Amino acid sequence: VTGFGLSRGAVATTRTWELPGLLVVGVDEASMLRAARQLVEIGGGWTVDDGESVVAEFPNEVLGVCSSLPVEESIECEASVLDALRGLGCDVEAPLLGLQTLTFPGVPSLKLSFSGYADILRREIVGLAVE
């Protein structure tokens, strides 16, 4: 993933559209692994690792996509995830939405899928190498 702006760390989520699973985007494997492991530990949702430890989380323990926290607490958790991403250099307008839709094949563009990187318009799996 390019253009997301992370200068260090990682973000992990189970809040992906249409294709449920675990999505991790990061700068290094250790941060990505910590973020993913913590996300599994809290039952899904969002986690952000700053390169040394997980610094923000938003548990979504109901099927990995819904929180049982009160609304006010959910708002605070989501804000902490967004603030943590901003602190790591993420400068895209709506980073949480961008990550959630990254795997969604219904939008005509290149997307991640369980079968690999897919060109939705041409309906074929494509590699990541530039030709």
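A residue is called buried when its relative accessible area is under 20%, exposed when over 50%, and partly exposed in between, as computed with a 1.4 Å probe on protein chains only. By this definition Ser 67 is buried, because its relative accessible area is 17%. The structure is a predicted model, in which local features need pLDDT of at least 70 and side-chain atom pairs count only at pLDDT 80 or more, while totals for chains, interfaces and linings use all residues. Residues are numbered from 1 along each chain as its sequence is written, and side-chain values use heavy atoms, with hydrogens and water left out.

Helices (H or I, at least four residues) and strands (E, at least two) are DSSP runs, numbered from the N terminus. In these terms, Ser 67 belongs to the loop between strand 4 (54-59) and helix 2 (71-87). Its side chain takes part in polar contacts, a polar contact being a pair of N or O atoms within 3.5 Å; within protein, one atom must be able to donate a hydrogen and the other to accept it, and residues adjacent in sequence count only if both atoms are side-chain atoms. A polar atom of the Ser 67 side chain lies 3.2 Å from the backbone oxygen of Pro 59. The backbone nitrogen of Leu 69 lies 3.0 Å from a polar atom of that side chain.

Contact in the wider sense means heavy atoms within 4.5 Å. When neighbours within four places in sequence are left aside, Ser 67 is in contact with Phe 58, Pro 59, Asn 60, Glu 61 and Ser 74. Not counting residues up to four places away in sequence, Ser 74 touches Phe 58, Ser 67 and Leu 69.

The loop between strand 4 and helix 2 also holds Leu 63. This residue has a positive phi of about 60° although it is not a glycine. Leu 63 counts as exposed because its relative accessibility is 79%.

Gly 44 is found in another loop, between helix 1 (29-42) and strand 3 (45-49). Its relative accessibility is 4%, and so Gly 44 counts as buried. With neighbours within four places in sequence left aside, Gly 44 is in contact with Thr 14, Leu 39, Phe 58, Pro 59, Asn 60, Glu 61 and Gly 64. Gly 44 and Asp 83 are 39 residues apart in sequence, and their C-alpha atoms are 19 Å apart in space.

The charged side chains come next. Side chains of opposite charge can pair when their charged atoms come close. A salt bridge is defined as a side-chain nitrogen of Lys or Arg within 4 Å of a carboxyl oxygen of Asp or Glu, and a search of the whole structure finds three salt bridges. In one of them the side chains of Arg 34 and Asp 49 meet, at 2.6 Å from N to O. Arg 34 lies in helix 1 and Asp 49 in strand 3, so the pair ties together parts that are 15 residues apart in sequence. Arg 34 is partly exposed, at 28% relative accessibility, whereas Asp 49 is buried, at 0%.

Arg 122 forms a salt bridge with Asp 119, with the closest N and O atoms 2.9 Å apart. Glu 124 also forms a salt bridge with Arg 122, and here the closest N and O atoms are 3.3 Å apart. Within it, Asp 119 is buried at 12%, Glu 124 is partly exposed at 36%, and Arg 122 is exposed at 54%. Arg 123 is placed in the loop between strand 6 (116-119) and strand 7 (124-126). Arg 123 has a positive phi of about 55° although it is not a glycine, and it is exposed, with a relative accessible area of 77%.

The last feature is a pocket. On a 1 Å grid over the protein atoms alone, a pocket is an open set of points, where a 1.4 Å probe fits, with protein on both sides within 12 Å along at least five of seven lines; lining residues have an atom within 4 Å of a point. About 460 Å³ of space lies in the largest pocket. Of the 21 residues that line the largest pocket, Val 1, Thr 2, Leu 102, Leu 112 and Tyr 117 are the closest to its centre. Strand 2 gives the most to this lining, with four residues.

Conventions:
Points joined across faces, edges and corners; volume = space filled by probe spheres on them.
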